[in-house]
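Here is a short note to read beside the model. Please keep the sequence open as you go through the points.

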Amino acid sequence: MRLKRAVALIGSALVVLIIFMIYSVKDLSEITGKKTPFIDFESLKLVNMENRIKQLERDLSQHGNEVQDIRIQIKNILLPNSSTHNSLKDSPADSRRFKSVMTDMLYESNCPIQLNFVPKTNIQMLEVYKRLKFDNPDGGAWKQGWKIEVDEKDWNRQNKLKVFVVPHSHNDPGWIKTVEEYYLTQTKHILSNMLVKLPEDPRRKFIWAEISYFSMWWEDLGEDEREVVKRLIRNNQLEIVTGGWVMNDEANSHWISTIQQLTEGHQWLQQNLNYTPQSGWSIDAFGMSATQPVLLKEMGLRNMLMQRVHYSVKKELASKQLLEFRWRQLWDGNGKTDMFTHMMPFYGYDVPHTCGPDPKICCQFDFKRLPGHGLHCPWKVPPQEINDKNVARRAELLLDQYRKKSKLFKTNVVLAPLGDDFRYDHPTEWDVQYNNYQKLFDHMNSNLKLNVQAQFGTLTDYFEALHKERKESDFPTLSGDFFTYADRDDHYWSGYYTSRPFYKRMDRILLSYIRAAETILTLAYLSGKPGSSWITDREVGLEKQLSDARKALSLFQHHDGITGTAKDHVVIDYGKKMLSALTACQHVIQHAAHILLSGKDAETPDKNALFYNVDDVRHSHDAIAERYQITIGPELRTKRIAIYNSLTFSREEVVTFHVSTPYVEVLDMKRRRIKCQISPIFEYGSTMSQTKYQLSFVADMPALGLVSYVINALWEYESPTETVHASIKIYNQYGDVQAPGGFSGIEVSPSASEFTLQNNRIAASFNNLGLLKALKIATNTIPVHLDFAKYGVRQTAERSGAYLFLPDGDAVPIQIENTIVNVIEGPIMSSVTVQLPYVRHIVTLYNSPGADSLGIEIENIVDIQKTSNFELVMRLSTNIKNSDEFFTDLNGYEVLKRKRFHKLPIQANYYPMPSMMYVEDKTTRLTVLTGSPLGTSSLREGQVEVMLDRRLNQDDNLGLGQAVLDNHPTKHIFRVIVEQKTHSCQAAVDEHPSGFPTLAAFVASQTLLNPFVRLLRTEDEDATSQPSYLSVQTEFGVDFVVATLRTGITIKGRDHVGFVLQRQFIDVCFSDRELLKRFPLSQGSVNVSGLLPTEVGSKLYKTSLSFLLMKNEIHIKGDLLMCPMEIQAFILQR
């Protein structure tokens, strides 16, 4: 039977092969792609052949999916019954399998991404910005709106107004107090009161968002109390909205960190309450990102709500009843990404600004402001307790506000949130709010002439009622984002894009460590090696350390954490938590590395054992990391190191170590001597260290590879030709310098001079101050002038603070006197170092086959501690004709077009720069990649401006109540890439609102944000460890990103391995064939079994993004097709 089946299948395969051959021999010069071809005839044939194959597969799929069937069945017959990965684990790097060179992004025609024309939406936010006047006339009671008129006849018994009053309490996990301080003094009481007060009346409802707090409270509950919570959820009296660990910031957070914090909350809900959130609630993030709806939709949420949007945008949308819309991605041509969204129309989320347009009236229905309750109404008309005598009059007054609010929306369903920051922390507030509102509801609902049905509701109650009244297709589509936020006048919240940059940088470093720790722990767990079984145990293993690290990262995504808008002592608390998390990740990485390299005693369950030190030493939460000094010499000759690549593509990049001698050799995993470079370390000015040197070499690292190297100390006479000492030039230096041992012939010049450094791809020219002047690619030179400038603060009562950027005019260039310029040149890396006012500025050119060599790397160590009301920026000025357009990314996930508006002030033209920004014209693009989120703009044609740090002497009156004076020396790392088109090509039509990174920019950003982990063996006499662990059989294309690969995903009480895949659309118009060969694109699919070791019987399931909703089973050996910009999650069941 099996043989017959095989024969039939092989026969079918032959038919497919014959058809394929017919396709193949057709005229291959026919061009079918959407872009002008640009490589060569061979490349065209390859692209065309791939397109034909895909067309063939589509044709055949219409007749029963024969191709996929044949592929899977033949694999089932021919593949051995046992897993074959063990035989491939330790194969050398040169055995890696590479796919053929793709010259374009391949994807199915039904993918939502649409670039040939501008995807059609009813509202496109960049177009709205072009149209808006951004004036701010006084609207009367609704200051930022207009006088709303209503006619009672608009409602009748068949067409009642439906009002949902949604009680809530917004709890910041850190702001004025630390998360623990808030919990003990307020949040604990809020939730404990809820447990008592909601059961008193089944009509009462309440919503909660922050699982960081909810989980703390849960730990304090007994079993009976936990059952009450579960019952409240079952009875729909309590709804968990969004369900994230925090309500995350949307400007600075990386999309993978947002997934982490949402998953942390969702997994907690799954394990403790078996609960899946349905609606999103973001009332306090300072501007809204288009990335957020994508992530929430992929997590299974169906609706979302937002609040903080520019007042002019709110007014514009409200005037046309467009405050509820289907939020669509900029590149989505078919609506697959649509997320139903409600925008709150008024100034704030407090009670005075949520019942209707008149805050003076709404404030009278915030019963916590009753006389004697500690709060009052600024409009000096207090609330009245509701009784039989006043209920009719008060109900009609409130109903008038509800009716007016309804006029801003398309349906007769009104949402009226009832809450504010840390509300309901005292039982009396629960009583006065719920009892008085219930009296009002009872009167409204019993008086048929009022034609209203009012009640307490959850957020999802509101959305369900709305969807019953109108179908989703009745609502408009909207694309774009909602930055930069302004709450009034010219108060643009663009300062927080940069505030407290030290901790913003720490956030990105922690994310890279968590990703590295997760992946290497998962590889160790799946390896089956000695020690692999105990490390994921939640009690004795390493899983808890990693879980705690995720919680620290998740906490910092809070909209007062990564934003830099918390009190000084709260910032310190975040910093200490992140430092502990970094240390925990380093420990997990070194332990898992020891297991993978089959080190001695790896099988012993000792979670505190130390086998390697990570070469990234952090002594304090507020200090820049230091490096270990590797002390070796003729007496102690050998240092064993290991390097880990946490990315899923191979990399050949420069790594550096600090060594105590200039006479060394480096051996690779096959113990072959490789080329290395020794350079001096400049300490200050022209002074060089006499006791340590920088060792550099190119590490050849497979995807998810762990590879060992050996550094040997030598006598001077033994120094091999592979070890090269860099040449040194020092300009503007008067007098002699002391050369470190091993270096002679240092050139010292008392005068300044222009000079050029180059690698195998670019040349960088510098002026006589040591600052970048131009970049040369091939034969083309592009002027790129680098300088630093400063903003002051305006001399008015309202000034810049942690949130607001209110400059006193254009930036003023920093005056630089003649400064010492230190230049290092070598075969592996070259650099220039200058000490400028406020900045130690280093530019490096790496000479490797890797992504680090595609541009220049800038390291700025910024220190503005001695300044006053001072905001420092770096500028790059070019001759690129970008007019007033530039591009910035959202959360490292997508890129969108911005426009510099002369009708708006400087601070309004600033945008978040979580990972990159670029300017371009028809032929040239300059991309700036950043290792930490910052604010950016292009305030003149051809110019890029990035803010580096802010020191501000005053509060900006937004609640923080303090200045920003806790600056620390901060290291920023940028990569600058200039590219030119060599052919006529466009990734998208001119008016498309999306942008996309080039291949060079994307891989350079990935490697910048995920550097190699450098491990130093504690026991250099180790003779048992293997030289490498290489588990990946077939590499993914670089357009695929494994955002998460982790153990500890619990579904129905069972642990699984979970992973999240994203496919990035890459603009290949700036790519030549050599680049495409070095960083190969995928063919539109990936094979998971080529990435992960799998056992017989392992199963693969598609899930929602936070692993809550199990979907269909996926063939574990089959190819996963993914569209560009798509994110998918899977679990591996062993």
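1. Two strands pair if DSSP finds at least two bridges between them. Strands are DSSP runs of E with at least two residues, helices are runs of H or I with at least four, and both are numbered from the N terminus. Strand β2 (residues 161-170) pairs with β9 in the parallel sense, over nine bridges. Val166 stands opposite Pro417 in β9.

2. A word on the source. This is a predicted model: local features need pLDDT of at least 70, side-chain atom pairs count only at pLDDT 80 or more, and totals for chains, interfaces and linings use all residues. Residues are numbered from 1 along each chain as its sequence is written, and side-chain values use heavy atoms, with hydrogens and water left out.

3. Buried means under 20% relative accessible area, exposed over 50%, and partly exposed in between (1.4 Å probe, protein chains only). Eight of the nine residues of strand β9 (residues 413-421) are buried, so the strand is largely enclosed by the rest of the structure.

4. A salt bridge is a side-chain nitrogen of Lys or Arg within 4 Å of a carboxyl oxygen of Asp or Glu. The count comes to 63 salt bridges. One of them joins Asp461 and Lys205, with the closest N and O atoms 2.8 Å apart. Asp461 lies in helix α14 (residues 459-469) and Lys205 in the loop between α5 (179-197) and β3 (206-208), 256 residues apart. Both Asp461 and Lys205 are buried.

5. Asp1055 and Arg538 also meet in a salt bridge (3.1 Å, N to O). Asp1055 is partly exposed, at 40% relative accessible area. Arg538 is partly exposed too, at 33%.
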